[in-house]
Amino acid sequence: FATQELDKHTPPWTLFLGTYNQYYYADSLRDDRGHDVPGRFHVSTFLLVERIILLTPFQTEHVQHFLEAVPTFVATKFAVGPVAASTVGPGDLAFGTGLSFPEIYKSDALKVEGLTDVDLFFPTGHYQPGGVRNLSFNTCSYLFSNDLILHFRNVGNGLFFEPSLYFAGSTSNPDFRNPLTGDRSSYQLGQTVQAMFKLIANLNQAHTRNLGIEGFFDFQYLDDRMDGSRIHNSAERGLMLGPIATGVFAGFLVDASVLREFGAENRPEGTRFTVIVYRVF
């Protein structure tokens, strides 16, 4: 919803209710050298993520404090070699806090805004026994988000550019079961850094119709650990790119994108469809 520009006069106790509908399908798996891994493989995941953001009275003219809750629901199907399974149920529940900077800089030509927050996810989800990497880990995890938002007001009807940087990690799962061998062990995903950008052109003066391009880069900079030891060359990398459209429809803020993944290593490669809808109260 930052395409509409954050407002420093937004009053305390303003409530933002949003829902993320995301579908991801992948049927290609690559190793650390980028080569296809032979054998039967596919995974599809539907995520329903509710995001509840509340502005608190702890704010100044330049900084706004907010609290948030992020309940999630998941439906997943996967097949790895002869093993196949599916699950539907609640996902991890997150609570977070952060700061909004609605007016870092403002002139007739440029407005700069910013957001930073941290979310802690607790393992309240419905987990299949063992699970598949990055899908069904009974762990606590964190996501530290940083967004810079730039509005170039003199470029056409306005140009919106948002570079974002995220850091993520998790605790270890002491009861992980390998879906292929059935062996039980402790397993911990390596820490990752993720970068995203949105470059969007406003199609009208009111900024209620917008079109652009979105990119997402996922870089795992530490290998996974199994039973306390690093798994050599297990770090994942992936890049997604595709079109994005945003706008205001009947008072709802809508964001829709289709991102195609390529250059993936040690992780599935596929396509992600996302629709985000927000309402402000």
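**Salt bridges in close-up**

The structure, a predicted model, holds 9 salt bridges. The legends below describe some of them.

**View 1. E68 and R51 joined through their side chains.** The salt bridge between E68 and R51 has an N to O distance of 3.1 Å. E68 belongs to strand β3, which covers residues 64–70, and R51 to strand β2, which covers residues 41–59. The two residues are 17 positions apart, and the pair links distant parts of the chain. Both E68 and R51 are buried.

**View 2. R51 and D117 in a salt bridge.** Here the closest N and O atoms of R51 and D117 are 3.7 Å apart. R51 has a relative accessible area of 16%, so it counts as buried, the cut-off being under 20%. D117 is likewise buried, because its relative accessibility is 9%.

**View 3. R51 and D119 in a salt bridge.** The closest N and O atoms of R51 and D119 lie 3.0 Å apart. Strand β2 contributes R51 and strand β7 contributes D119; the two are 68 residues apart, and the pair links distant parts of the chain. D119 has a relative accessibility of 1% and therefore counts as buried.

**View 4. A salt-bridge network of K8, E61, E103 and K106.** Salt bridges link these four residues, K8, E61, E103 and K106, in a network. One of them, E103, lies in strand β6, which spans residues 93–106. With a relative accessibility of 18%, E103 is under the 20% limit and so counts as buried.

**View 5. The surroundings of E103.** Leaving aside residues up to four places away in sequence, E103 touches K8, H62 and V112. With K8 there is a polar contact from side chain to side chain, at 3.4 Å. K8 is also a member of the salt-bridge network that includes E103. L6 and E103 are 97 residues apart in sequence, while their C-alpha atoms are 7.8 Å apart in space.

Technical notes. Residues are numbered from 1 along each chain as its sequence is written. This is a predicted model: local features need pLDDT of at least 70, side-chain atom pairs count only at pLDDT 80 or more; totals for chains, interfaces and linings use all residues. Side-chain values use heavy atoms; hydrogens and water are left out. Helices (H or I, at least four residues) and strands (E, at least two) are DSSP runs, numbered from the N terminus. Buried means under 20% relative accessible area, exposed over 50%, partly exposed in between (1.4 Å probe, protein chains only). Contact means heavy atoms within 4.5 Å. A polar contact is a pair of N or O atoms within 3.5 Å; within protein, one must be able to donate a hydrogen and the other to accept it, and residues adjacent in sequence count only if both atoms are side-chain atoms.
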